[in-house]
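Subject: Structure handover

Hello,

Here is the structure I said I would pass on. My notes on what was found in it follow below.

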Amino acid sequence: MKTKQIIQAKLEAELSQITHQSLNSTFVGYSKKLQEQVFVKVFPNKSKFITEKAVNQQLYLHRVLTSFTITAAQQLYVLVMKDLAPIDLKLPVTVELAHVMGVKLAEFHQKVKPFTGIYPNNNLFAKAEYDIAQLQESTIKTRLQLLLRDLSSLQPTIESDLFNYSTTVLHGDVGVRNYKIINGKPNLIDFERARMGVNYQDFIKLFYQDFGLNKELITSFVNGYKSLGETVMASPSTQVFLLLLTAIGIMSYIAKISDPPFQRVGEKMLDTVELFLKRMNSSSNIPINETNSSIPELIVLIPRD
């Protein structure tokens with residue numbers, strides 16, 4: 001019996017499959033058994049299932065209705081929740097909307113606490129080295145290896161920051177597509193990639209991919225984020241390392257699935273890393289201030305609070 005049929009029988013529901021950005025199967029429909037309009041997400045990965053369930057339980061009282069496993073060609077993990085009927089944001093993103101998005105991420109960072117099974121997201125220098133080694137394309141591989149090598153002189157500072165400030169439960173995939181209108185207000189959805197980390201990590205792809213490094217949007221977002229009392233403590237060098245780590249992830253992805261626009265996003269991140277290193281090592285008396293980076297080209301680096 002197919003997965004959809006098994007779930008329908010279990011929930012006494014007529015479900016419709018919906019397109020979803022993740023690789024998970026998702027369905028919506030009315031469950032006679034639960035007497036609720038439901039949103040069903042099917043995970044082949046147990047860790048992501050545990051993460052999605054745990055975060056939803058913290059954010060939405062009584063949203064998680066039930067869960068179960070299906071043994072087919074592989075073990076599948078089924079999460080059944082109340083359907084929040086999310087609506088896409090009205091685009092393009094305005095300065096006002098960017099501010100609200102920052103507020104909503106701050107709320108997420110404040111409300112969601114570590115839970116059993118959360119991905120610890122540690123040993124990041126070793127992870128960066130390993131992930132680069134898996135790449136086959138020599139040009140990008142060499143570029144990444146050189147940047148990681150050049151950042152190694154800052155490794156003690158960066159690792160100290162990572163140890164001290166990896167205290168936030170990150171959303172893990174912050175982007176316009178994961179902000180939806182729910183009950184008339186913008187909110188974040190899709191929590192399966194949540195993990196521990198430095199809060200700046202949740203800004204990176206949004207700033208580079210969706211905001212296109214637009215200074216006004218970035219500033220408005222950061223102001224919204226800080227309006228709830230949240231701060232960014234990681235030094236610019238740590239932020240640069242996290243940019244490199246994100247770019248490595250992008251290059252690993254495009255090595256498997258061709259995506260030129262996404263590749264260009266990763267390359268912009270690498271441009272920032274290179275500029276930072278150039279300015280840091282420059283003899284032109286334009287130093288990088290570890291507590292207040294104000295160089296216009298590095299607007300994506302947030303001054304340390």
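**Aromatic residues**

Tyr200 is buried, because its relative accessibility is 1%, under the 20% limit for that class. Please keep in mind throughout that this is a predicted model. Phe203 has a relative accessible area of 1%, so Phe203 is buried as well.

The structure holds 12 aromatic pairs. Tyr200 and Phe203 make up one of them: their ring centres lie 6.0 Å apart and their planes stand at 75 degrees, so the pair is edge-to-face. The angle decides the label here, because planes over 60 degrees apart count as edge-to-face. Both residues also belong to one aromatic cluster, formed by Tyr200, Phe203, Phe207, Phe211, Phe221 and Tyr225.

**Ser166 and Thr168**

Ser166 sits in the loop between α6 (155-165) and β7. With a relative accessible area of 24%, Ser166 is classed as partly exposed. A polar atom of the Ser166 side chain lies 2.6 Å from the backbone oxygen of Leu162. Beyond its neighbours within four places in sequence, Ser166 is in contact with Asp161, Met196, Gly197 and Val198.

Thr168 is part of strand β7, which covers residues 168-170. A relative accessible area of 11% means that Thr168 counts as buried. Leaving out residues up to four places away in sequence, Thr168 touches His109, Arg195, Met196, Gly197 and Asn199.

**Lys180**

Is Lys180 buried or exposed? Its relative accessibility is 14%, so Lys180 counts as buried. Lys180 belongs to strand β8 (residues 179-182). Its side chain makes a polar contact of 2.4 Å with the side chain of Asp88. Asp88 is also among the residues that Lys180 touches; the others are Pro86, Ile87, Leu89, Lys185, Pro186, Asn187 and Ile189, with residues up to four places away in sequence not counted.

**The largest pocket**

Rolling a probe the size of a water molecule over the atoms shows where empty space is left. In this model, the largest pocket contains about 1,800 Å³ of space. Its lining consists of 46 residues, and those nearest its centre are Gly172, Asp173, Arg193, Lys205 and Gly249.

Which helices each supply at least two residues of the lining? They are α2 (46-59), α4 (124-133), α7 (204-210) and α9 (236-254). Of these, α9 gives the most, with 8 residues. Sorted by class, the lining has 15 nonpolar, 16 polar and 15 charged residues.

Helix α2 also holds Ser47. Ser47 counts as partly exposed because its relative accessibility is 37%.

**Backbone points to check by eye**

Most residues other than glycine have a negative phi, and most peptide bonds are trans. Some places in the model go the other way.

- The peptide bond from Leu91 to Pro92 is cis, and its omega is near 5 degrees. Pro92 lies in the loop between β6 (87-88) and α3 (95-111).
- His62, which is not a glycine, has a positive phi of about 70 degrees. His62 is in the loop between α2 and β4 (64-71). At 57% relative accessibility, His62 is classed as exposed.
- Asn183 has a phi near 55 degrees, again a positive value in a residue other than glycine. Asn183 is in the loop between β8 and β9 (185-188). Its relative accessible area is 75%, so Asn183 is exposed.

In the display, Asn183 can be found from Lys180: strand β8 holds Lys180, and the loop between β8 and β9 holds Asn183.

Regards

Definitions and conventions:
Residues numbered from 1 in each chain as written. Predicted model: local features only at pLDDT ≥ 70, side-chain atom pairs only at ≥ 80, totals over all residues. Heavy atoms only, no water. Helix = DSSP H or I, 4+ residues; strand = E, 2+ residues; numbered from the N terminus. Buried < 20%, exposed > 50% of the residue type's maximum accessible area, 1.4 Å probe, protein only. Polar contact = N/O pair within 3.5 Å; in protein donor to acceptor, adjacent residues only side chain to side chain. Contact = heavy atoms within 4.5 Å. 1 Å grid on protein atoms, 1.4 Å probe; cavity = no way out; pocket = protein on both sides within 12 Å on 5 of 7 lines; lining within 4 Å. Points joined across faces, edges and corners; volume = space filled by probe spheres on them. Nonpolar A, V, L, I, M, F, W, Y, C, P; charged D, E, K, R; others polar. Phe/Tyr/Trp six-rings, centres within 6.5 Å; stacked < 30°, edge-to-face > 60°.
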